[in-house]
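Hi everyone, thanks for making time. I'd like to walk you through one chain today, so please have a look at the picture first.

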Amino acid sequence: MLQIGPYKLSNPVALAPMAGVTDLPFRRLCARLGAGLVVSEMVNANPRLRGTAKTLLRTRHDAELEPRSVQIAGNDPLQMAEAARYNVALGAQVIDINMGCPAKKVCRKAAGSALLADEALVRSILETVVAAVPVPVTLKIRTGPEPSTRNGVTIARIAEDAGIAALAVHGRTRACAFHGEVEYDTIATIVAATAFPVFANGDIDSAEKAEAVIRHTGAAGVMIGRAAQGRPWLCGQIATRLATGVTPPEPQLEEQLALLHAHVSALHAFYGDFMGARIARKHVGWFLQHHPRLGACRQDFNALTEGRAQLRMIEQLKLRDGAKDLAA
């Protein structure tokens, strides 16, 4: 059983931290549907941002699956350490450090995956954060800054020496972003070079793919990112496949719509009606992408501005004649 510090996970399938996606309602939903670990949206280490509405929402953990994992982002070791302490005081049981995000607005500040180009700074941040908090610290990285300078193995060894409890590796470089083939061979090399648990991440979009990636890389677990958007049950499907060798079927469309209804209702409650309705649009859009025959509903849904109207529309989809056939 995969363990992070004192915490034994129920299964080795983690939901990746994704800005604008893995808020508290989505984390709760994915955990309820079988994810063994869920990680928050990244929280900026800058103390001046702590009082913003965005940060206050990102640091809520009520009724959340344990261990509660919070990802922090920044480039100053002392500031990162203080951010770790601050989030532990708010209930974080695991601190995750972001060195994997390729977004330009993050990398422009020399944070996220931009840090991989400065191995000395990586070591300083990791050692300082680990020393600052009494909880396990994990790390998410890429395979290097760019294909010509893949240093994922070196970074992983630095992390292990610094006391990092577990590592997640997205199998692309910072420069590759989300393009090109995932370097599962590089992940396998990182696994072979270290002793702590490694989560393989990148283009894992089915239970069968997850099983194949673990077999190929020897990773202790998998981390699921974009493939869970619109399919919050995917982590649970993968966990069952890894445990039993059998992939459970996706929920029937009627059940999927019931889950969507509950999720959208939770977004309204969490963010308030105005912001909740806006944020619900992208989650519903991701869901509809997996049901082409329902795709025409997306424009109509996006035109709705009130939460009650959004919920009524989802209910109408549930009641539509022949709804089960629309999944085809």
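Let's start with a term we'll need in a minute: a polar contact is a pair of N or O atoms within 3.5 Å, where, within protein, one must be able to donate a hydrogen and the other to accept it, and residues adjacent in sequence count only if both atoms are side-chain atoms. Now, the ground rules. This is a predicted model, so local features need pLDDT of at least 70 and side-chain atom pairs count only at pLDDT 80 or more, while totals for chains, interfaces and linings use all residues. Residues are numbered from 1 along each chain as its sequence is written, and side-chain values use heavy atoms, with hydrogens and water left out.

Okay, the whole chain. There are 13 helices and 11 strands; helices (H or I, at least four residues) and strands (E, at least two) are DSSP runs, numbered from the N terminus. The radius of gyration is 20 Å, close to the 20 Å that the globule rule gives for 328 residues, so the chain is as compact as a globular protein of that length. That radius is taken over C-alpha atoms, and the rule is 2.2 Å times the number of residues to the power 0.38. The C-alpha trace spans about 60 × 45 × 35 Å along its principal axes.

How much of the chain is buried? Of the 328 residues, 55% are, where buried means under 20% relative accessible area, exposed over 50%, and partly exposed in between (1.4 Å probe, protein chains only). As for contacts (heavy atoms within 4.5 Å), residues 24 or more positions apart account for 68% of those with a separation of 6 or more.

Arg-142 is buried yet has no salt bridge, meaning a side-chain nitrogen of Lys or Arg within 4 Å of a carboxyl oxygen of Asp or Glu. The nearest side chain of opposite charge, Glu-183, is 7.8 Å away; for charges, Lys and Arg count as positive and Asp and Glu as negative, with His and the chain ends not counted.

What does the Arg-142 side chain have within polar reach, then? A polar atom of that side chain lies 2.9 Å from the backbone oxygen of Thr-173, and for the backbone oxygen of Ala-177 the distance is 2.6 Å. Ala-177 is in the loop between β9 and α7 (184–193), and has a positive phi of about 50° although it is not a glycine.

Why point that out? Most residues other than glycine have a negative phi, and most peptide bonds are trans. Ala-63 also has a positive phi, near 55°. Is Ala-63 buried or exposed? At 69% relative accessibility, Ala-63 counts as exposed. A cis peptide bond joins Glu-66 and Pro-67, with omega about 0°.

Last stop, two helices. In α9 (residues 234–244), the buried residues include Leu-234, Ile-238 and Arg-241, and the buried residues of α9 pack against β3 (13–15), α8 (207–217) and β11 (221–224). Just after α9, Gly-245 takes a positive phi of about 80°. Over in α13 (residues 307–319) we find Gln-310, which counts as buried at 0% relative accessibility. Beyond its neighbours within four places in sequence, Gln-310 has contacts including Val-264, His-268 and Phe-301.
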